[in-house]
Amino acid sequence: MAAAPGGMKGFYLALAAVAVIGAGLLVYQITKPAVSIPANVAVLPADTAGFRGYAIGSDSAPVEIVEYGDYQCPACANFDIVTLPDIKTRMVDAGRVRFVYRDFPLDGIHPHARLSAHAAACADEQGKYWPMHNLLFQGQPDWARGNAPRIIRGYAAAASLDMGRYDECMESARYAGRIQATYEQGVALGVGSTPTFLIGGRLYPGMGYDEFRKIVDSLAALPRQ
Amino acid sequence: MTRRMGVALLSLIGIFVAAYLYLYKIGKIGSVMCGTGGCETVQLSRWSSFLGVDVALIGLVGYAGLFALALVSLQPRLAHDHRPARLLAVLSGIGALFAAYLTWLELFVIHAICRWCVASAVIITAIFVLSLLDARRPRRAEPG
């Protein structure tokens, strides 16, 4: 039996009501402000006081490798996963190299670069920078195409951070100035892509362990200045 | 016809539930309203995709298909035809089985409950029950 015209009218009205309410809620959810880390903020002296980057290795190591990196950059992830472990075990642990990571977020092509850099800074605040650094690079394919704020927050939990402090840190965006400062330092040095390495005053693009070893060997052979 | 209307309405609600979870999954929505945090655990687990496709997207496409089929089945010339109802019952039955599998995963593998996933499981089960009742409805003679 077909529905009466009045019944169909009521049905279509109910459909329209569900559609309007559902679409409205979705639009609200999409457009409501989420955690974001501003770029191009004014850098204050306090932003960089005592901060030269995230370092591992001895202060007295003869060679310093400074990476200008971006957590959303696939080549940086490749370096971090493939090459950096060798550099750590063979050169950093041996006291020959001090490795320093500095943020160089490429906002134009990596929309979550600053968010991830800030999450790492918030982890550093709790003494968990390197676990977070590793999780960010290992999980890059997931958060780069997924819900970055939530996935990265999951890494913070996995790294055993105090989540109340982490959330407060992310909402405050208090390290935005420091991230911008390292970015501007990189630009001033001539960094234009990631990863770029500053070794002995010269810039190098991404390369394999053997190339790093040759450069470190040649610099270590020079008399200390 | 009332049952098919119910199927259409429930499918439309299901579309929005699945769309909400899918938009969260692809990063268009920053946080999901869940209360317990179980939604994040479930949505970020490796079981949130099936054969490489996001489960929420499968749900979205499935509900859209059921919604379209339910609207077509409401056409007066199909009012006495059992085939759309049977097709709805088969498709929603598959959906209900899939939802049961996902609920089992939540309870016994992931150990977290996503309220929106439970809502979706209830919706698809209700659609299945309505479609089944419609398909088993005694056939009436076509008006002369």
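Among contacts in chain B between residues at least 6 apart in sequence, 76% join residues at least 24 apart; two residues are in contact if their C-beta atoms, placed from the backbone, lie within 7 Å. The structure is a predicted model, in which local features need pLDDT of at least 70, side-chain atom pairs count only at pLDDT 80 or more, and totals for chains, interfaces and linings use all residues. Residues are numbered from 1 along each chain as its sequence is written, while chains are lettered from A and ligands numbered from 1 in the order in which they are written.

**Confidence**
- The predictor assigns the complex an ipTM of 0.80 and a pTM of 0.57.
- Chain B has a mean pLDDT of 85, with 90% of its residues at 70 or more; pLDDT is the predictor's confidence in each residue, from 0 to 100.
- Within chain B, confidence is lowest in α2(B), at a mean of 74, and highest in helix α3 (residues 55–73), at 93.

**Chain B**
- Chain B contains five helices and two strands, arranged along the sequence as α-α-β-β-α-α-α. Helices (H or I, at least four residues) and strands (E, at least two) are DSSP runs, numbered from the N terminus.
- Of its 144 residues, 44% count as buried. A residue is buried if 20 or more other C-beta atoms lie within 10 Å of its own, exposed if 12 or fewer, and partly exposed in between.
- Leu105(B) lies in helix α4 (residues 83–110) of chain B and counts as partly exposed because it has 18 C-beta neighbours inside 10 Å.
- Leaving aside residues up to four places away in sequence, Leu105(B) touches Trp47(B) and Ile110(B).
- Leu105(B) and Val42(B) are 63 residues apart in sequence, yet their C-alpha atoms are 9.2 Å apart in space.

**Interface between chains A and B**
- The interface brings 21 residues of chain A into contact with 23 residues of chain B.
- On the side of chain A that touches chain B, α1 (5–31) and α7 (148–158) each supply at least two residues; α1(A) gives the most, with nine.
- By class, this side has 15 nonpolar (Ala, Val, Leu, Ile, Met, Phe, Trp, Tyr, Cys and Pro), five polar (the others, Gly among them) and one charged (Asp, Glu, Lys and Arg) residues.

**Helix α7 of chain A**
- α7(A) is mostly covered, with eight of its eleven residues buried; among them are Arg150(A), Ile151(A) and Tyr155(A).
- The cover over these buried residues includes α4 (113–125), α5 (129–138), α6 (140–145) and α8 (163–172) of chain A, together with α2 (38–43) of chain B.
- Ser160(A), which follows α7(A), has a positive phi, near 65°.
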